[in-house]
Every structure is written in structure tokens, then in C-alpha cells.
Amino acid sequence: HLGIDWASIKRAMIYTTNKGKVIFRDYLGIYGNTIIIDHTMGLCSIYAHTSSQAVEVEDIVKENQMIGRTGKTGAVFGDHLHFGILVNGYEVDPIEWMDKRWIKNSILKVIKD
């Protein structure tokens, strides 16, 4: 389980982490109702267990845009958001991708070098 599970209140609003294009909005097995946003260069964010979705596939979203509400769809016991990061289709630790210093040292420096 490489994602982060965030719980607050039932049906809490979900906001995007960054701009991108919605490439998936459907039921995804254990993840339940899920939204996946493509941020280009093989980087996607996943928002799972949603109770409602305010976007459609092909929509272009902005950073901090409300895209849906938390829920308890899929293999869960309570209302929450499972947030994850995919790199070329593989789940990675989203905590790293939320750390500007880690991005600078582990991604931007590698690209520059």
C-alpha cells in the first residue's frame, strides 16, 4: 500500500494536486470509484474511493480544482480518500512527490545532469 489514506469528514471535497488531464473516471476494483489525472511525462495522480466525481475523462483540470468527494467505494470500511502517485503506471511513495526538496534533488537534478 504505497498511497496515503486521508480521512476527515464524510464526503469531504477532493482537490487536485496539480494541473493535468483526466484519463480515468470509473470503478477500479479495490479502489472503488477512482479518478486518475495525467500530469505528463509518465506522472499521474490517483484519487480513490470517491463517492462522487465532478470531472469527466478528457477534462483538463487546474491545480487545486475540486474534482469530487471522498467516499467508501471499493474495499474499505469507512469514508476516506486514497491518494497515490503513479510513475509510468507503477505506484510510488506519494510522500516523496509532495516534498519540494526531494523533487529538486531526486528528479530535477537527475534531468539536469
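User: In this predicted model, what makes strand S6 (residues 52–53) and S8 a pair?

Analyst: The two strands are joined by 2 bridges and run antiparallel. Pairing requires at least two bridges found by DSSP, so S6 and S8 count as paired. Within this pairing, Gln53 stands opposite Gly68 in S8.

User: How do you know that strand S2 (residues 13–15) pairs with strand S8 (residues 66–69)?

Analyst: S2 and S8 are joined by 3 bridges, and the requirement is at least two, so they pair. Their direction is antiparallel. Ile14 has Gly68 as its bridge partner in S8. Gly68 is also the residue that Gln53 faces.

User: Why are Trp6, Tyr47 and Phe83 called an aromatic cluster?

Analyst: Rings pair if their centres lie within 6.5 Å, and Trp6, Tyr47 and Phe83 form one cluster on that basis. The structure holds 3 aromatic pairs.

User: Which residues are closest to the centre of the largest pocket, and what is the volume of that pocket?

Analyst: The volume is about 510 Å³. Of the 18 lining residues, Asn18, His39, Leu43, Trp97 and Ile103 are the closest to the centre. A residue counts as lining because it has an atom within 4 Å of a pocket point.

User: Which elements supply the lining of the largest pocket, and which gives the most?

Analyst: Strand S9 (81–87) and helix H2 (100–112) each supply at least two residues. H2 gives the most, with 4 residues.

Note on methods. Residues are numbered from 1 along each chain as its sequence is written. This is a predicted model: local features need pLDDT of at least 70, side-chain atom pairs count only at pLDDT 80 or more; totals for chains, interfaces and linings use all residues. Side-chain values use heavy atoms; hydrogens and water are left out. On a 1 Å grid over the protein atoms alone, a cavity is a set of points where a 1.4 Å probe fits but cannot get out, and a pocket is an open set with protein on both sides within 12 Å along at least five of seven lines; lining residues have an atom within 4 Å of a point. Grid points are joined across faces, edges and corners, and a volume is the space filled by probe spheres set on the points. Rings of Phe, Tyr and Trp (its six-membered ring) pair if their centres lie within 6.5 Å; planes under 30 degrees apart count as stacked, over 60 as edge-to-face and the rest as tilted.
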